[in-house]
Amino acid sequence: MLNDRSQLLFKNLMGLYLNEGKPVGSTTLAKLPEIGLSSATVRNVLSDLENMGLIQSPHTSAGRIPTEMGYRFFVDSMVTYQPLSKKNIATIQRQLSPAFSQDELLAHASKVLSGMTGMTSMVLMPNKEREILKHIDFVSLGGNRVLVVLLFNDQDVQNRIIELEEAASPSELQQTANFLNEQFVGKNLAEAKALLVERMQTIRQSMNRLMLSVVEATDSVLTQQLDQKLPYLVSGKTNLLNYQELADSEKLRALFDSFEKHSDMLNLLDKSLKAKGVQVFIGNECGNEIYRGCSIVTTPYEVDGEVLGVLGVVGPSRMHYEKVVPEVDVTAKILSSLLKK
């Protein structure tokens with residue numbers, strides 16, 4: 001616990017450091033009109049804060065900067081979050097169209113969040129195996145080409161063009177679609193795929209060669225959907241160049257490698273998937289030495305109470321949490337409402 005004087009000095013030190021990114025000295029703090037203390041008194045309080053592990057001196061005789069413990073105390077106890085203005089909310093809504101498919105919405109949400117915060121954003125994608133198959137249809141494109149249309153979760157429409165050995169009539173395509181809808185609609189993607197494989201021998205015996213080729217092509221489309229390997233989307237990686245503490249080439253290379261290798265970030269996003277509301281991970285809390293000097297702000301997005309994935313940003317620990325946290329939170333809520341529609 002900090003007394004009122006220590007809280008006042010620590011909060012002002014954090015405000016100056018978040019704005020300027022430079023160590024803050026006792027003289028600078030003593031000159032602030034709201035402080036009203038001598039430089040000697042300020043030095044004594046800063047010494048106490050340093051002994052508590054909240055601040056540190058990066059160099060001899062330099063000013064102080066917050067430690068990871070200091071950031072955590074600040075985020076948990078001192079930040080007053082600023083609600084987004086109606087104008088900013090409307091801007092987000094304009095950029096996320098209800099007409100987008102699920103994957104398009106997620107990609108645009110990542111870009112919107114990156115542009116708004118000036119940081120790197122990410123979206124953990126829904127588990128494809130759990131997507132519910134709602135409808136299958138086939139559209140003849142002329143000749144031997146057929147468009148396979150798959151609807152998942154009432155929102156995610158996936159289209160694939162297949163090439164048959166010979167042209168199929170509209171009645172054959174409709175008959176095949178009716179059969180597949182009757183057998184597999186309402187199952188999740190993994191269940192539908194497994195059931196189709198299980199029943200393939202029976203299907204071979206009961207369908208003509210052309211209709212069987214349509215079913216086998218549909219099986220291939222389901223496999224492609226299941227095999228999508230992109231666990232999360234990343235937008236705005238180059239935004240990190242704008243922060244002096246992260247702009248070192250080795251630091252950036254390590255961060256970019258971490259984004260590409262997925263494992264570290266997936267562990268963190270999985271934690272967020274199981275948590276309620278916005279989570280702020282600071283420095284080593286992110287799970288890897290690579291993220292020293294960084295903070296990651298995440299929150300789940302959901303439909304009808306079921307969490308589908310996670311939305312978040314990566315930036316310097318010296319971020320304006322009072323703005324960034326609401327921006328992440330509101331974007332996730334707008335995304336959730338659009339996915340539900």
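The legends below describe close-up views of a predicted model.

**View 1. Helix H1 packs against helix H4.** Helix H1, which covers residues 4-20, and helix H4 have axes that come within 11 Å and cross at roughly 105°. Since angles of 65 to 115 degrees count as roughly perpendicular, H1 is therefore described as roughly perpendicular to H4. On the H1 side the contact is made by Phe10, Met14, Tyr17 and Leu18, and on the H4 side by Gly70, Tyr71, Phe73 and Phe74. Sorted by class, the residues of this contact are 7 nonpolar and 1 polar, with no charged residues.

**View 2. Gly70 lies within helix H4.** Helix H4 spans residues 68-77, and Gly70 is found in this stretch. Gly70 has a relative accessible area of 0%, and because buried means under 20%, Gly70 is buried. When its neighbours within four places in sequence are left aside, Gly70 is in contact with Phe10, Gly53 and Leu54. One of these partners, Phe10, also belongs to the H1 side of the contact between H1 and H4. Glu50 is 20 residues away from Gly70 along the chain, and the C-alpha atoms of the two residues are separated by 9.5 Å.

**View 3. Helix H6 is followed by a glycine with a positive phi.** Helix H6 runs over residues 102-117 and has 16 residues, reaching 23 Å from its first C-alpha to its last, which is close to the 22 Å expected at 1.5 Å a residue. Gly118 comes after H6, and the phi of Gly118 is positive, near 75°.

**View 4. Helices H7 and H8 pack in a right-handed crossing.** Helix H7, made of residues 170-184, packs with helix H8, made of residues 189-206, at an angle of about 125°, and their axes are 11 Å apart. H7 and H8 are therefore oblique to each other, and H7 passes H8 in a right-handed crossing. From H7 the contact is made by Phe179, Leu180, Gln183 and Phe184, while H8 contributes Ala192, Leu195, Leu196, Arg199 and Ile203. The residues of this contact divide into 7 nonpolar, 1 polar and 1 charged.

Technical notes:
Residues are numbered from 1 along each chain as its sequence is written. This is a predicted model: local features need pLDDT of at least 70, side-chain atom pairs count only at pLDDT 80 or more; totals for chains, interfaces and linings use all residues. Side-chain values use heavy atoms; hydrogens and water are left out. Axes are lines fitted to C-alpha atoms, for helices over the stretch in contact, and angles run from 0 to 180 degrees between N-to-C directions. Helices (H or I, at least four residues) and strands (E, at least two) are DSSP runs, numbered from the N terminus. Angles under 35 degrees count as roughly parallel, over 145 as roughly antiparallel, 65 to 115 as roughly perpendicular and the rest as oblique. A crossing is left-handed if the near helix is turned anticlockwise from the far one by less than a right angle, and right-handed if clockwise. Contact means heavy atoms within 4.5 Å. Ala, Val, Leu, Ile, Met, Phe, Trp, Tyr, Cys and Pro count as nonpolar, Asp, Glu, Lys and Arg as charged, and the others, Gly among them, as polar. The expected span of a helix is 1.5 Å times one less than its number of residues. Buried means under 20% relative accessible area, exposed over 50%, partly exposed in between (1.4 Å probe, protein chains only).
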